[in-house]
Amino acid sequence: MTEQGNSDVILEVKDLKKYFPIKAGLLQRTVAQVKAVDGVNFSLRKGSTMGLVGESGCGKTTVGRTVLRLHGKTGGDILFHGQEVHTLDKKTLRSLRPRMQIIFQDPYSSLSPRLPVGEIIGEAPREHGITNKDNHNRHIDKIMSDCGLQPYHKDRYPHEFSGGQRQRICIARALALNPEFVVCDEPVSALDVSIQAQIINLLMDLQKEYGLTYLFISHDLSVVEHISDTVGVMYLGNIVEYGSKEDIFKSPYHPYTRALFSAIPIPDPTVKMNRVILEGDIPSPANPPSGCKFHTRCRDCMEKCKTEEPVPVEMAPGHTVVCHLYNS
């Protein structure tokens, strides 16, 4: 799932693990761990978009935040331009921060209600020395214009904007630092459908103009198909299928991927949908099943699925699936 020795690769994630402790008792001792991310591998080329999909609670957001070092990692490597992000000292990390940004899911809670928009967007570039007194206003005006905002919006506060406008402010805040890599954490899931298309098209236009690289986290498969170049399908802390968008959507191999894709609505009442219904509930990440984690809900489950952990199998160049059905 990763590409070795390629100068175009901007981000490389190897066997990433992030566990959260479960504490109990008077002394708050750690009694168990929630395995939110449990061995994730992928790489991102410069200027490309990787879609990360899966059910709620599968670890998508934790991957994004751990990559940016908003969470500490439990194990594995995160290489940004060949540098391990989690071993950098404070000074080096501060210089790296502007190059890696995030757009949060909720445009309402992620903006300070006490700051005008001009200060929300302009505070970080000023602190990091990206702008000075002479060019600060020009820089902010340019970023706001590129994100569909007007200069007079600088003196207004977040509560005066709609949800779509607020997300444009969030995008402008991330873009103001001239980043190379942006984690888009479900950036359209809190918006109306009519506004979602506008924001997705804006992100794609900005990517072309600024040469941005996206990790696009979503559970909306139609949005992921529209914006992504590669796709990773997550289940219970692991990527179970990974490949180009065309390969994944044309030939999904993993039973979980096929179940997800069968739920995509088709805008044609004459087409009969062959919906794959997953039985049972998602197991607890604090106590995941042995063997293949998906075996408790899989209709193709075999005996070895219950005891042996499957290994990645390359079905086509760059298209891997982690499933015992294809190990032979």
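## A helix pair and its network

At 41% relative accessibility, K142 counts as partly exposed (that label sits between buried, under 20% relative accessible area, and exposed, over 50%, using a 1.4 Å probe and protein chains only). The K142 side chain meets that of D146 in a salt bridge, 2.6 Å from N to O; the term means a side-chain nitrogen of Lys or Arg within 4 Å of a carboxyl oxygen of Asp or Glu. Because K142 and D146 are 4 residues apart in helix α4 (residues 136–146), about one helical turn separates them. Helices (H or I, at least four residues) and strands (E, at least two) are DSSP runs, numbered from the N terminus.

E209 comes in too: salt bridges with shared partners join K142, D146 and E209 into one network.

## About the model

This is a predicted model, where local features need pLDDT of at least 70, side-chain atom pairs count only at pLDDT 80 or more, and totals for chains, interfaces and linings use all residues. Residues are numbered from 1 along each chain as its sequence is written, and side-chain values use heavy atoms, leaving out hydrogens and water.

## Links across the chain

Searching the whole structure turns up 11 salt bridges. One of them pairs D38 with K293 at 3.0 Å, N to O. These two are 255 residues apart: D38 is in strand β2 (residues 29–45), and K293 is in the loop between α9 (255–262) and β11 (312–316). D38 is buried at 17% relative accessible area, and K293 is buried at 13%.

E180 and R99 also meet through their side chains, at 2.6 Å from N to O. E180 is buried at 18%, while R99 is partly exposed at 30%.
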